[in-house]
Amino acid sequence: MAPAMKPELSIVIPVYGSASILPSLVRRLEEVLVPALGADGFEVVLVHDSGPDNAWEVIRSEARTRPWLVGVDLRRNAGQHNAIMAGLGFARGRYIVTMDDDLQHDPADVPRILQTLRDGADLCYVQFEGRKHALWKRAGSRFNDMVAARLLKKPEGLYLSPFRGFVRELGEEARRYQGPFVYLDGLLVQSTSPKRIATITGQHHARSDGRSGYSLSKSISLWLQMATSFSIVPLRFVSLAGVLASCVAFLLAVVVLWQKLHSPQMAVGWPSLIITILFMGGLQLLALGVIGEYTGRVLLNINNRPQYIIGRTTNVAGRDEDDRP
């Protein structure tokens, strides 16, 4: 049998808690991409990240009549970026687009991303005119953007959106990373030149149903992955904080000694002592926390903790398990 022709475009979508939205998402992608690329010109890889609902059954149902729809079911929740890494292993396209599963990213923007990549960009991000996220999430994104500018050396003003497209070579380079803590944007941005990174403007829509699976704790965890997996700046910060603390402690000691020499009757009380202890103790705990974060990640890397564990698949040639009882 002749091998199937590889599609030009692969769309990888991590799925979590969006069973009610998936039929609309699949239908919108079909309406946009079939006229533009033909049924053989694209594929959609839905990676079910072991969510709380019946999204996997919905994926199987949608895939029965759509050969271009590939389903991957992870045995346990791996996180958004790890789930995308799992999807990259099944993507066959010359160009790859990643997007969210909640229709906040407009499928109509996918052809524009594809054209930008065709025109020579290695990496393309969608910048949103108005984001429909909560205030804490928008503020967190701005903070993350500021930190990423320093740690990843990303271009000034580039918003690292999960709605992105990149050439296959960047995806293959990202997959070479075997550590359990994946920050995909760091892998992508550091794999190409800033002049080969493009942006387009798109509309950000409100989530059509359900609640986002991206909580504050998950956002903080993702930020820590970026900060500690791609830079030693936090360690340098702790070192500088230790030097600063030592200087402040030395100056406080000089001040107390000067006061004692000029006012022998003055008793140095516990306030100055307790302030110094708390100040130094806080810095020491900060240093231990940062060092512990790095040490923990090194340990998990040495133990070869997997990025993800694949369970079932559908519409994957040679390994489709849906017919098993």
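**Entry 1: strand β5**

I began with β5, where Leu-123, Tyr-125 and Gln-127 point one way and Cys-124, Val-126 and Phe-128 point the other way, all of them buried. I take buried to mean under 20% relative accessible area, with exposed over 50% and partly exposed in between, for a 1.4 Å probe and protein chains only. In a regular strand, side chains alternate between the two faces of the sheet. I noted that β5 is mostly covered, since six of its six residues are buried. Strands (E, at least two residues) and helices (H or I, at least four) are DSSP runs numbered from the N terminus.

I recorded that this is a predicted model, in which local features need pLDDT of at least 70 and side-chain atom pairs count only at pLDDT 80 or more, while totals for chains, interfaces and linings use all residues. Residues are numbered from 1 along each chain as its sequence is written, and side-chain values use heavy atoms, with hydrogens and water left out.

**Entry 2: the sheet**

I looked up which strands pair with β5; two strands pair if DSSP finds at least two bridges between them. β5 and β7 run parallel and are joined by six bridges, and Phe-128 has Gly-202 in β7 as its bridge partner. With β6, β5 pairs in the antiparallel sense over three bridges, and Leu-123 stands opposite Phe-166 of β6.

I then followed the whole sheet, which is open and has eight strands in the order β7-β5-β6-β4-β1-β2-β3-β8, with mixed pairing. Its edge strands are β7 and β8 (310-314), each pairing on one side only. From one strand to the next the twist averages 20°. Helix α3 (residues 80-88) packs on this sheet and touches β1, β2 (42-48), β3 (69-74), β4 and β6. Contact means heavy atoms within 4.5 Å. The direction of α3 makes about 145° with that of β1; axes are lines fitted to C-alpha atoms, for helices over the stretch in contact, and angles run from 0 to 180 degrees between N-to-C directions.

Which residues of α4 (residues 110-118) are buried? I found Val-110, Ile-113, Leu-114, Thr-116 and Leu-117. They cover an arc of only 160° around the axis, which puts them on the same side of α4; the arc is that of the directions from the helix axis to the C-beta atoms. Their cover includes β1 (9-15), α1 (22-37), β4 (95-98), β5 (123-128), β6 (164-167) and β7 (197-202). After α4 comes Gly-120, with a positive phi near 125°.

In helix α6 (residues 168-175), I found Leu-170, Gly-171 and Ala-174 buried. Their arc is only 100° around the axis, which puts them on the same side of α6. They pack against α3, β5, β6 and α7 (184-189).

**Entry 3: helices α1 and α2**

I found that α1 and α2 (residues 55-63) pack at an angle of about 35°, with axes 10 Å apart. Leu-22, Pro-23 and Val-26 of α1 meet Ala-55, Val-58, Ile-59 and Glu-62 of α2.

**Entry 4: Ser-161**

Where does Ser-161 lie? I located Ser-161 in the loop between α5 (135-151) and β6. Ser-161 counts as buried because its relative accessibility is 0%. Leaving out residues up to four places away in sequence, Ser-161 touches Tyr-125, Val-126, Phe-128 and Asp-185. Met-99 is 62 residues away along the chain, and its C-alpha atom is separated from that of Ser-161 by 8.9 Å.
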